Amino acid sequence: MRLEIRVAGFGGQGVIRAGLVLAAAACIYGSRNAVQTQSYGPESRGGACKSEVVISDEEIDFPKVTDPDAVIVMSQEAYTSYAEDVKKGGFLLLDSDLVLKEKDIPNVRVFKVPATKMAEELGKTIVANVVMLGAFTAITNLIDAEAVKKSILSNVPKGAEKLNMDAFEKGYLYGKSLLKEKAK
């Protein structure tokens with residue numbers, strides 16, 4: 001089993017942290033191997049940014065994502081660059097507040113999550129990445145929710161635990177509601 005996940009957006013959205021959380025959830029709080037790689041432009045905020053996670057039951061001999069099972073995009077530029085990379089039958093989650101122009105992508109399960117708006121409702125847009133992680137966890141069922149929660153708690157600054165858990169739960173419940181809607 002090999003899972004490949006790409007998270008993309010722009011600097012300042014917590015894209016790298018989201019990838020780190022997923023990798024830690026899989027290997028530290030789960031029973032799998034995981035590796036996380038990242039790339040970003042020279043700008044610290046606002047430039048293109050991506051984080052890639054490979055999860056496997058076996059040793060990981062190649063750490064790059066080549067055929068992603070899931071892609072999470074948090075900006076229009078990320079959508080334009082990576083949306084069509086999702087493998088057939090895979091998952092595409094997009095922040096519907098920031099991705100306004102979409103293409104028809106056949107054979108991919110697309111889920112629109114208003115993560116930025118949901119984070120604003122919690123008082124801090126900085127947790128939009130955690131809202132997306134909650135939705136991703138609920139929708140894909142690729143990583144155990146309790147492992148993701150533990151990973152979030154170990155990867156956020158002290159004093160921000162409650163806000164991040166609220167963001168995860170909000171995204172998780174929204175993801176579950178999207179699944180129910182698609183099942184109708």
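At what angle do helix 5 and helix 6 pack, and how far apart are their axes? This is a predicted model, in which local features need pLDDT of at least 70 and side-chain atom pairs count only at pLDDT 80 or more, while totals for chains, interfaces and linings use all residues. Residues are numbered from 1 along each chain as its sequence is written, and side-chain values use heavy atoms, with hydrogens and water left out.

Helix 5 (residues 145–155) and helix 6 pack at an angle of about 150 degrees, with their axes 10 Å apart, so helix 5 is roughly antiparallel to helix 6 (angles over 145 degrees count as such). The contact (heavy atoms within 4.5 Å) involves, among others, Val 148, Ile 152 and Leu 153 of helix 5 and Met 165, Phe 168 and Tyr 172 of helix 6.

| Helix pair | Angle | Distance between axes |
|---|---|---|
| Helix 1 and helix 4 | about 40 degrees | 9 Å |
| Helix 5 and helix 6 | about 150 degrees | 10 Å |

For helix 1 (residues 15–27) and helix 4 (residues 128–140), the contact is made by Arg 17, Ala 18, Val 21 and Leu 22 of helix 1 and by Asn 129, Leu 133 and Phe 136 of helix 4.

Gly 123, which follows helix 3, has a positive phi near 105 degrees.

Methods:
Axes are lines fitted to C-alpha atoms, for helices over the stretch in contact, and angles run from 0 to 180 degrees between N-to-C directions. Helices (H or I, at least four residues) and strands (E, at least two) are DSSP runs, numbered from the N terminus. Angles under 35 degrees count as roughly parallel, over 145 as roughly antiparallel, 65 to 115 as roughly perpendicular and the rest as oblique.
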